[in-house]
Amino acid sequence: MNRLTVVYDGACALCVRCRDFLATSRTLVPIELLSCQSREARERYGNVPWLGEELVVVSDEGDVWIGPAAFLVAMWALADYREWSYRLSGPALAPLAERFFVAISSQRRRIASFLTKPRCEDGDVCTMPHADHELEHAPRGTYR
Amino acid sequence: MEPVVPSPYLVPVYIAYAVVSVGLTIGLARVLFRSGAVFLEDVFKETPKMAGAVNQLLVVGFYLLNLGYAALIMKSDGASTAVQAAEVLAWKLGALLISLGVMHFFNMYLFFRIRRRSQLAVLPPPVAPQMRLPMPVAMPVHAAQIAHAP
């Protein structure tokens with residue numbers, strides 16, 4: 001794996017802050033940051049059903065991580081947090097971490113509204129091809 | 001004022017203490033150097049010179065801390081009998097050995113930590129991907145959007 005693409009929600013202030021954090025952190029794998037609202041994200045990863053709903057991380061080899069697994073892989077790419085990504089995917093902490101990431105992700109707009117006024121990247125609201133119906137959660141990632 | 005009478009047993013105690021503490025420190029530093037080299041060679045595979053340098057610097061720190069501590073605890077209030085002299089010597093050597101032990105475990109911790117860091121850098125992601133895109137997507141490079149490791 002030579003590169004990871006992190007597809008975040010550009011319409012959520014919390015996510016934009018996290019993106020800024022990722023962009024300034026020391027990484028072990030180069031990270032490309034892409035807003036899910038951007039045309040490029042839709043063109044490249046349009047057939048990932050959870051795009052725009054959950055955090056999506058794609059490797060340059062086509063591997064896709066969704067939801068809590070994507071959080072873990074993003075942590076894994078950071079030099080200072082790789083150790084923690086393994087700790088949080090171990091049997092003791094994995095269930096807790098999973099619930100935490102799901103909560104953060106589903107409440108992100110609400111959390112962001114506490115932090116600051118929403119700041120939309122591309123101006124308009126995120127409209128995803130699957131936004132009209134409720135999506136089930138992505139299948140759980142298998143821990144190694 | 002009473003003239004200070006030097007304790008007749010103190011000089012042999014000091015001599016024994018100095019010989020044992022310096023000998024122990026040198027012996028342990030050699031063990032540390034030899035065994036530590038194996039660890040560090042594994043960590044710095046591409047740069048063997050670096051392994052040697054780090055090892056030497058660790059051993060220098062070990063010498064400084066131990067000899068410094070040994071020198072600090074050498075002073076004694078005196079020993080008027082042979083039994084007291086033996087007790088003073090035993091107490092000092094005990095303190096020295098414990099400090100050497102603490103230093104040793106700290107060194108081992110450092111070696112493990114250095115090694116763990118280097119092992120982490122090549123490990124695969126902790127979670128298997130949930131999905132595979134049919135074809136590896138060609139990724140145009142957008143320099144401004146890519147965070148590089150420095």
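Predicted model: local features only at pLDDT ≥ 70, side-chain atom pairs only at ≥ 80, totals over all residues.
At what angle do the axes of H1(B) and H3(B) cross, and within what distance do they come?

Okay, chain A. It has 144 residues, and 44% of them count as buried. You'll find six helices and four strands in chain A. Reading from the N terminus, the order of elements is β-α-β-α-β-β-α-α-α-α. If you take the contacts in chain A between residues at least 6 apart in sequence, 70% of them join residues at least 24 apart.

Now chain B. Here we have 150 residues, and 17% count as buried. The secondary structure is three helices and two strands, and from the N terminus they run α-α-α-β-β. For contacts in chain B with a separation of 6 or more, residues 24 or more positions apart account for 73%.

Let's look at the core next. The largest nonpolar core has 42 residues, and the members touching the most other members are A:Val6, A:Val7, A:Val56, A:Val57, A:Ala70 and A:Val73. The largest share, eight residues, comes from H3(A). There's also a second, separate core of six residues, and that one includes B:Leu28, B:Phe62, B:Ala70 and B:Leu96.

So what's going on with H3(A)? How many of its nine residues are buried? Nine of the nine, as it turns out, and the helix is mostly covered. Going along it, the buried residues are A:Pro68, A:Ala69, A:Ala70, A:Phe71, A:Leu72, A:Val73, A:Ala74, A:Met75 and A:Trp76. And what do they pack against? In chain A, that would be E1, H1, E3 and E4, plus helix H4 (82–88) and helix H5 (94–106).

Leaving aside neighbours within four places in sequence, A:Val57 is in contact with A:Leu4, A:Thr5, A:Val6, A:Trp65, A:Ala70, A:Val73 and A:Ala74.

Have a look at B:Pro125, in the loop between helix H3 (82–120) and strand E1 (131–132) of chain B. Is B:Pro125 buried or exposed? It's buried, because there are 26 other C-beta atoms within 10 Å, and 20 or more is what it takes. Not counting residues up to four places away in sequence, B:Pro125 touches A:Val73 and A:Trp76.

Right, on to the helices of chain B, and back to my opening question. The axes of H1(B) and H3(B) cross at roughly 10 degrees and come within 11 Å. That angle is under 35 degrees, so H1(B) and H3(B) are roughly parallel to each other. Their contact involves 17 nonpolar, five polar and three charged residues.

H1(B) and H2(B) are another story. Helix H1 (residues 10–43) and helix H2 (residues 48–72) of chain B pack at about 155 degrees, with axes 9 Å apart. That makes this pair roughly antiparallel. The crossing of H1(B) and H2(B) is right-handed. Among the residues making the contact are B:Ala29, B:Leu32 and B:Phe33 of H1(B), and B:Leu58, B:Val59 and B:Phe62 of H2(B). By type, the contact residues split into 15 nonpolar, five polar and one charged.

H2(B) passes H3(B) in a right-handed crossing. On the H2(B) side we have B:Leu58, B:Phe62, B:Leu65, B:Asn66, B:Tyr69 and B:Ala70, and they meet B:Leu96, B:Ser99, B:Leu100, B:Met103 and B:Asn107 in H3(B). That contact has eight nonpolar residues, three polar and no charged.

Last stop, B:Leu67, which is found in helix H2 of chain B. B:Leu67 counts as partly exposed, because it has 15 C-beta neighbours inside 10 Å. B:Leu67 and B:Leu96 are 29 residues apart along the chain, and their C-alpha atoms are separated by 9.6 Å.

Note on methods
Residues numbered from 1 in each chain as written. Chains lettered and ligands numbered in written order. Core = buried A, V, L, I, M, F, W, Y, C linked by C-beta atoms within 7 Å. Buried ≥ 20, exposed ≤ 12 C-beta atoms within 10 Å, placed from the backbone. Contact = placed C-beta atoms within 7 Å. Axes fitted to C-alpha atoms, helices over the stretch in contact; angles between N-to-C directions. Parallel < 35°, antiparallel > 145°, perpendicular 65-115°, else oblique. Left-handed = near helix turned anticlockwise from the far one by under 90°. Nonpolar A, V, L, I, M, F, W, Y, C, P; charged D, E, K, R; others polar.
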